[in-house]
Amino acid sequence: MNRDVLPAPGAGLPTVTARPRVRVAFPSDAEGIIALRSELVLSEPIDAEWAALSSTHLARRLAPGGDARAHVAEAPDGSLVSCALGLIHPLLPAPACPSGLAARVHAVATHPRYRRLGLARELLSALLDRLQADGATLFELRAAEEATPLYRELGFAADPASMRLTRRENADRRIEESAGPVLLPVEEYASTVPKSTGSAFIFFTDQHDRPVQLRATYSQVHPWQLPGGTMDHGERPWQTAQRECREETGLTVEGPPCLLASVFGLPGDDWPFSTTGCVFDGGRLTDEQIRSIVLDPDEHDAVRVLPLKEWEPLMPPQDFARLDAVMTARLTGAAAYFDSWDWGK
């Protein structure tokens with residue numbers, strides 16, 4: 001059943017320059033495992049329909065709570081080049097199997113180009129350790145003749161009494177595909193989605209609707225900014241806006257919050273994550289309130305109040321476009337959706 005140990009590949013196969021990365025298999029690896037099993041283990045490869053059905057079922061069984069365990073080797077291009085798959089099944093407890101759990105090594109396969117690198121031994125050893133840690137004490141497999149030496153080295157012994165029977169009714173009937181999507185473990189799914197940081201700001205004007213901004217000491221690229229910043233763990237956007245405004249200006253903004261704009265930016269060289277920001281309306285400040293602003297010298301060194309158009313030559317185009325959108329939202333009463341504040345522009 002397992003064709004992992006074969007003579008060295010012929011001269012026609014290219015040389016492997018980097019050893020594949022060995023790791024635990026996830027449900028998303030099911031298709032690759034089934035492809036290796038079909039091509040290298042089965043006497044006849046399965047067709048596309050059976051491969052799809054088998055992949056779906058294996059993905060569910062590899063998910064938490066399932067009965068499948070697997071380890072795989074991944075080439076630099078992300079393709080699977082070797083696998084060891086085991087299935088746990090229950091037995092009646094016995095002295096040799098006190099937990100009542102046994103495991104069948106269902107497939108061990110390595111692409112010919114990647115043989116003679118010790119992948120089979122490493123993957124199978126890791127699989128057996130994992131199956132044992134999950135309670136299995138009896139391990140079974142059906143070995144191809146050329147793979148027998150490896151299995152003997154790992155402690156397997158031949159059983160001359162082993163027999164096999166296959167009964168097939170409705171041989172052409174396809175297995176029924178279970179309803180519902182394949183759910184990945186939370187940790188694996190989280191690693192596939194984009195990462196984003198949240199931020200929140202307060203927009204002030206003076207009594208003549210001239211925007212109030214602070215000059216940053218830490219950024220020459222984005223010199224003029226609204227009071228605000230990045231969300232802390234456990235904060236909601238309005239809480240962030242209030243806290244940052246208080247820290248940066250000494251002003252306390254009371255609720256209820258009034259959202260002026262939602263701002264989104266894609267990642268770039270300057271920042272590796274996308275950003276999602278909320279700009280809230282802080283209202284119109286009196287001259288006295290503007291004079292009372294106390295800056296944090298580690299972040300800002302000046303406060304300026306200018307008509308909107310006079311801000312344009314002092315700011316990068318994307319910063320001014322955002323300010324213009326926020327100002328328009330204040331004047332029209334319709335919240336702005338600004339989704340082009342991308343990093344690196």
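This is a predicted model: local features need pLDDT of at least 70, side-chain atom pairs count only at pLDDT 80 or more; totals for chains, interfaces and linings use all residues.

Colleague: How many helices and strands does the protein chain have?

Modeller: The protein chain holds 345 residues, of which 40% count as buried. Among its contacts with a separation of 6 or more, 68% are between residues 24 or more positions apart. The secondary structure comes to nine helices and 13 strands.

Colleague: Are helices α1 and α2 parallel, antiparallel, perpendicular or oblique to each other?

Modeller: Two packed helices are described by the angle and the distance between their axes. Helix α1 covers residues 30–40 and helix α2 residues 48–62; their axes come within 8 Å and cross at roughly 125 degrees. The class of roughly perpendicular ends at 115 degrees and roughly antiparallel applies over 145. The angle of roughly 125 degrees therefore makes α1 and α2 oblique.

Colleague: Is the crossing of α1 and α2 left-handed or right-handed, and which class supplies seven residues of the contact?

Modeller: The crossing of α1 and α2 is right-handed. On the α1 side the contact is made by A30, E31, I33 and I34, and on the α2 side by A51, S54, S55, L58, A59 and L62. Sorted by class, one of these residues is charged, two are polar and seven are nonpolar.

Colleague: Against which elements do the buried residues of α1 pack?

Modeller: The buried residues of α1 are A30, I33, I34, L36, R37, S38 and L40. A30, I33 and I34 also belong to the contact with α2. The buried residues of α1 pack against α2, β2 (68–74), β3 (80–90) and β4.

Colleague: Is T275 buried or exposed, and which residue joins it in a side-chain polar contact?

Modeller: T275 is found in strand β11, residues 274–285. Its relative accessibility is 10%, and the cut-off for buried is under 20%, so T275 counts as buried. Leaving aside residues up to four places away in sequence, T275 touches S196, T197, V263, F264, G265, W341 and W343. A polar contact of 3.4 Å joins the side chain of T275 to that of W343.

Colleague: Where does H222 lie, is it buried or exposed, and which residues does it touch?

Modeller: H222 lies in the loop between β7 and β8 (224–225). With a relative accessible area of 10%, H222 is buried. Not counting residues up to four places away in sequence, H222 touches A216, P316, Q318, D319 and W341.

Colleague: Which peptide bond is cis, with omega near 0 degrees?

Modeller: Most peptide bonds are trans. P256 lies in the loop between α6 (237–249) and β10 (259–265). The cis bond, with omega near 0 degrees, runs from G255 to P256.

Colleague: What is the phi of R116, and is this residue buried or exposed?

Modeller: Most residues other than glycine have a negative phi. R116 is not a glycine, yet its phi is positive, at about 70 degrees. R116 lies in the loop between β4 (101–110) and α3 (119–133). Its relative accessible area is 58%, so R116 is exposed.

Colleague: Where is D209 found, and what is its phi?

Modeller: D209 is found in the loop between β6 (196–206) and β7 (211–216). At 22% relative accessibility, D209 counts as partly exposed. D209 is not a glycine, and its phi is positive, at about 60 degrees.

Definitions and conventions
Residues are numbered from 1 along each chain as its sequence is written. Side-chain values use heavy atoms; hydrogens and water are left out. Axes are lines fitted to C-alpha atoms, for helices over the stretch in contact, and angles run from 0 to 180 degrees between N-to-C directions. Helices (H or I, at least four residues) and strands (E, at least two) are DSSP runs, numbered from the N terminus. Angles under 35 degrees count as roughly parallel, over 145 as roughly antiparallel, 65 to 115 as roughly perpendicular and the rest as oblique. A crossing is left-handed if the near helix is turned anticlockwise from the far one by less than a right angle, and right-handed if clockwise. Contact means heavy atoms within 4.5 Å. Ala, Val, Leu, Ile, Met, Phe, Trp, Tyr, Cys and Pro count as nonpolar, Asp, Glu, Lys and Arg as charged, and the others, Gly among them, as polar. Buried means under 20% relative accessible area, exposed over 50%, partly exposed in between (1.4 Å probe, protein chains only). A polar contact is a pair of N or O atoms within 3.5 Å; within protein, one must be able to donate a hydrogen and the other to accept it, and residues adjacent in sequence count only if both atoms are side-chain atoms.
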